[in-house]
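Subject: Structure for your files

Hello,

My notes on what was found in it follow.

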Amino acid sequence: MTKIILKGLPLLAAALFAAATTGNAQISTVSTSRFCNNWLIAGVYGFTVEGTKLSNPPNAPVTPLGPQVGIPITEFDGKGNLVQVDSVTLDGVQVANLTETPTLGTYTVNPDCTGTYTLNFTDGRPTVTTFFVVVDDGKEIDAMVRGVPPNTIPGVLATRAIGKRRFSFPG
């Protein structure tokens with residue numbers, strides 16, 4: 001029995017060497033999946049938003065207006081449209097609440113599970129574009145608000161958001 005084991009050692013060593021040398025390869029591209037599409041996030045998500053609201057005056061420096069905190073509820077329809085209601089405070093003052101007119105928007109999930117969504121507020125707040133990554137099989141969306149289109153001043157809203165699917169069904 002020891003002879004059989006000893007004869008297999010060179011093959012095992014070669015396999016381990018091959019695994020070790022290929023295991024150090026860098027990831028050269030982001031993987032894509034047929035599951036990463038608009039249907040992946042169809043459903044209702046509760047988000048937590050936190051960051052800093054920055055001013056956007058014409059011909060003036062961008063300055064912080066204060067901390068911003070929010071709790072949006074967003075429904076993605078699986079076809080690229082969304083509806084959102086939110087409650088937001090800016091520097092401790094409530095600027096939106098969950099009972100106001102819902103915000104409409106659009107979204108796209110890319111084949112690498114990154115994406116964007118745009119919110120077109122009806123209450124005077126500027127339109128914003130949000131970049132996101134879908135994680136945990138669509139149970140969570142990690143996002144960053146870029147700012148007001150056409151995004152001439154990056155970071156008009158320096159916020160991040162984490163959204164969790166409100167209902168998950170075993171499957």
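In what order do the elements of the chain run from the N terminus on? The order is α-β-β-β-β-β-β-β-β-β-β-β, that is, one helix and eleven strands. Helices (H or I, at least four residues) and strands (E, at least two) are DSSP runs, numbered from the N terminus.

Two remarks on conventions. This is a predicted model, in which local features need pLDDT of at least 70 and side-chain atom pairs count only at pLDDT 80 or more, while totals for chains, interfaces and linings use all residues. Residues are numbered from 1 along each chain as its sequence is written, and side-chain values use heavy atoms, with hydrogens and water left out.

Overall figures

The chain has 171 residues, of which 31% count as buried. Buried means under 20% relative accessible area, exposed over 50%, and partly exposed in between (1.4 Å probe, protein chains only). Of the contacts with a separation of 6 or more, 46% are between residues 24 or more positions apart, where contact means heavy atoms within 4.5 Å.

The disulfide

A search of the whole structure finds one disulfide (a pair of cysteine sulfur atoms within 2.5 Å). The sulfur atoms of Cys36 and Cys113 are 1.8 Å apart. This pair links distant parts of the chain, 77 residues apart: Cys36 is in the loop between helix H1 (2–23) and strand E1 (43–54), and Cys113 in the loop between strand E7 (103–109) and strand E8 (114–120). The torsion about the S-S bond is about -85°, so the disulfide is left-handed. Cys36 is buried at a relative accessible area of 11%, and Cys113 is buried at 12%.

Aromatic pairs

The search also gives six aromatic pairs. Rings of Phe, Tyr and Trp (its six-membered ring) pair if their centres lie within 6.5 Å; planes under 30 degrees apart count as stacked, over 60 as edge-to-face and the rest as tilted. One of the pairs is Tyr45 with Phe76, edge-to-face, at 5.6 Å centre to centre and 80° between the planes. Tyr45 lies in strand E1 and Phe76 in strand E3 (residues 73–76), so this pair ties together parts 31 residues apart in sequence. Both Tyr45 and Phe76 are buried.

Phe76 also forms an edge-to-face pair with Tyr117, at 5.9 Å centre to centre and 70° between the planes. Since Tyr117 lies in strand E8, the parts tied together here are 41 residues apart in sequence. Relative accessibility is 2% for Phe76 and 5% for Tyr117. Tyr45, Phe47, Phe76, Tyr107, Tyr117 and Phe132 form one aromatic cluster.

Strand E5 (residues 88–90) pairs with strand E6 (residues 93–96) in the antiparallel sense over three bridges; two strands pair if DSSP finds at least two bridges between them. Leu90 has Val93 in E6 as its bridge partner. The hairpin has two residues between the strands, and Asp91 there takes a positive phi near 55°. Asp91 touches Leu65, Gly66 and Pro67, not counting residues up to four places away in sequence.

Regards
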